[in-house]
Structures are given as structure tokens and as C-alpha cells.
Amino acid sequence: MIQSMTGFAVQTRDLGGVSVHLELRSVNSRYLDLGFRIVDDLRQAEPAIRERVTAKLGRGKVECRLNLQAGHGAPRSLSLNGALVDQLAEAQDTLRARFPDAPPLSVNELLRWPGMLADDSLGFDELLPHICALVDAALVELVATRRREGEKLADAIRERVTRMRELVATATPRMPAVVAEYQERLTAKLRDAVASLDEDRIRQEVALYAQRIDVAEELTRLSTHLDEVERILKAGGAAGKRLDFLMQELNREANTLASKSPATDITGIAMEMKVLIEQMREQVQNIE
């Protein structure tokens with residue numbers, strides 16, 4: 001299935017005292033380009049997130065935002081580190097025995113002592129499985145979004161392919177008449193310019209120039225390239241680079257058609273083809 005490189009997904013998981021919030025944003029890029037905005041407490045999760053994203057996505061500039069928010073569950077409870085309190089009390093008694101004039105530790109100093117307060121919040125090792133599950137869910141949502149957008153892009157390209165086929169079908173039967181008309185005009189001009197010129201030489205020159213303005217090969221190649229575009233759209237997968245190459249080939253044939261044909265209606269057809277090709281190229285830029 002054709003995928004766009006544009007998509008968005010958001011997932012939040014409430015873990016009681018805290019909730020983990022994840023956003024994935026994706027836009028077009030030549031390659032897979034990952035960017036991370038992760039709070040410091042969860043920075044260690046980046047390798048696991050990167051591994052999961054690269055396993056699911058082939059192209060696109062993907063921005064991942066991961067942060068912690070206050071949870072909606074019961075408030076976190078705090079408790080004193082009893083063992084640390086006993087150790088500090090014993091150390092204080094020992095020191096005050098030698099320095100009786102030293103002031104005792106204040107309650108504020110005790111509360112600020114490293115490791116004195118413990119809470120029931122989850123550590124990183126406990127959070128990591130939840131983060132990985134959150135990333136997996138967000139990727140499912142992101143891929144689904146990119147597929148829906150990709151199908152819209154594919155439909156837009158198919159519409160233009162259909163119109164280009166109509167233009168090729170219009171131009172193809174016209175070419176023998178265009179060549180014949182131009183041969184007659186060129187022959188008449190040559191006869192008027194050089195009355196004594198040999199008729200065989202005139203026919204040779206006219207036939208040679210008719211070959212130069214014959215665009216049958218270009219029309220055939222246009223049809224072949226359009227067949228390939230439809231085949232790739234049907235096959236799906238990572239098709240963006242192949243479609244981009246085909247847009248270049250279609251544009252080359254349309255340019256040749258415009259430059260070689262002496263008929264204004266055929267030139268007009270070529271110009272409309274170039275507009276359609278440019279419209280398709282813009283759509284292809286967003287396909288993975």
C-alpha cells in the first residue's frame with residue numbers, strides 16, 4: 001500500500017501518579033531523519049524509541065516528543081527514610097559530644113538531606129516497558145495516518161495518469177496527418193524557392209525532416225511510463241523514489257514532444273502533459 005510521509009500520532013498512558021505523553025510528527029524527506037525532544041528523566045529511552053521507529057518507517061523526517069505529566073490518579077505519598085534518620089541522629093550525638101556548642105540539625109536541613117524523602121513514583125526501569133508500548137501504539141496510529149494520506153495521493157496521481165492517457169490517445173492518430181501536412185507545406189516552399197531543384201532531392205529532404213518531427217516513439221514511451229506508474233501504485237510499498245524517477249522520464253518525453261511537433265494542437269497537448277506531470281511530481285514528493 002502506498003504511504004505518505006506526512007502523519008501525526010499522539011498517545012498518553014496514565015500510570016497513577018504520573019502519565020507519559022508521546023507525540024510523533026512526520027513530514028517528507030529524502031531519507032529517514034529522526035529528531036527527539038525528550039525530557040531529561042526519560043532521555044535513556046531514545047535508543048529503544050529509535051529502534052522501533054526505524055523498524056516501521058522507511059522515509060520521512062520524524063520528530064518524537066516524549067514527556068512526563070502529572071497523573072490523574074491518587075497523589076504520590078512521601079515517606080521519611082527511617083534508616084537514614086537513625087544514622088544522622090547517631091552521627092549528630094557523636095559530634096555534639098565532642099562539640100557541645102554546635103547547633104543541632106534543623107528539620108529543614110533534615111528534609112533536604114539527599115535520600116531523606118522517598119516517594120512511590122516509578123523509576124526509569126519500571127517506566128521503560130510502558131514507554132515502549134506507547135511508542136508501538138503511536139506507530140500503529142502514525143502508519144495508519146500515512147497510509148490514508150498515501151491512498152489520497154495515489155488517487156490524485158491516477159486521475160492525472162488517466163488524463164495523460166487521453167492526451168496520448170488524442171495525439172497518436174493525429175501524427176500521420178501532421179507529418180503529411182508538413183511535408184506538403186515544406187515541398188511547396190522548396191519548389192517556390194528553388195524551381196530547378198531535382199524532385200528526388202526534394203522528396204529526400206522532406207522525408208528526412210519528416211523523420212525528425214515524427215514523435216511516435218515519444219508517444220509510445222509515454223504510454224509505457226504511464227503503465228509503470230500504475231503498476232507501482234498498485235504494488236505499493238516504498239515507491240516514492242521510483243515514482244520520482246518516472247516523473248523525470250515523463251517530463252523528458254513531454255519536452256521532446258513539444259519541441260519536435262510542428263502542429264500547435266500537439267504542442268498544446270504536450271504543454272498540458274507537462275502541467276499534469278508537475279502536479280504528479282508534487283504528490284510524489286510526499287510518498288514514502
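Me: At what angle do helix H8 and helix H9 pack, and how far apart are their axes?
Reply: In this predicted model, H8 (residues 240-260) and H9 (residues 264-284) pack at about 165 degrees, and their axes are 9 Å apart.

Me: Why are H8 and H9 called roughly antiparallel?
Reply: Their angle is about 165 degrees. Angles over 145 count as roughly antiparallel, so that is the label H8 and H9 get. As for handedness, H8 passes H9 in a left-handed crossing.

Me: Which residues meet where H8 packs on H9?
Reply: On the H8 side they include Leu243, Met247, Leu250 and Ala254. On the H9 side, Ile266, Ala270, Met273 and Ile277 are among them. The residues of this contact divide into 13 nonpolar, 4 polar and 3 charged.

Me: What makes Arg146 count as buried or exposed?
Reply: Its relative accessibility is 0%. Buried means under 20%, so Arg146 counts as buried. You'll find Arg146 in helix H4 (residues 124-171).

Me: How do you know that the side chain of Arg146 makes a polar contact with the side chain of Glu288?
Reply: The distance for that pair is 3.0 Å, and the cut-off for a polar contact is within 3.5 Å.

Key
Residues numbered from 1 in each chain as written. Predicted model: local features only at pLDDT ≥ 70, side-chain atom pairs only at ≥ 80, totals over all residues. Heavy atoms only, no water. Axes fitted to C-alpha atoms, helices over the stretch in contact; angles between N-to-C directions. Helix = DSSP H or I, 4+ residues; strand = E, 2+ residues; numbered from the N terminus. Parallel < 35°, antiparallel > 145°, perpendicular 65-115°, else oblique. Left-handed = near helix turned anticlockwise from the far one by under 90°. Contact = heavy atoms within 4.5 Å. Nonpolar A, V, L, I, M, F, W, Y, C, P; charged D, E, K, R; others polar. Buried < 20%, exposed > 50% of the residue type's maximum accessible area, 1.4 Å probe, protein only. Polar contact = N/O pair within 3.5 Å; in protein donor to acceptor, adjacent residues only side chain to side chain.
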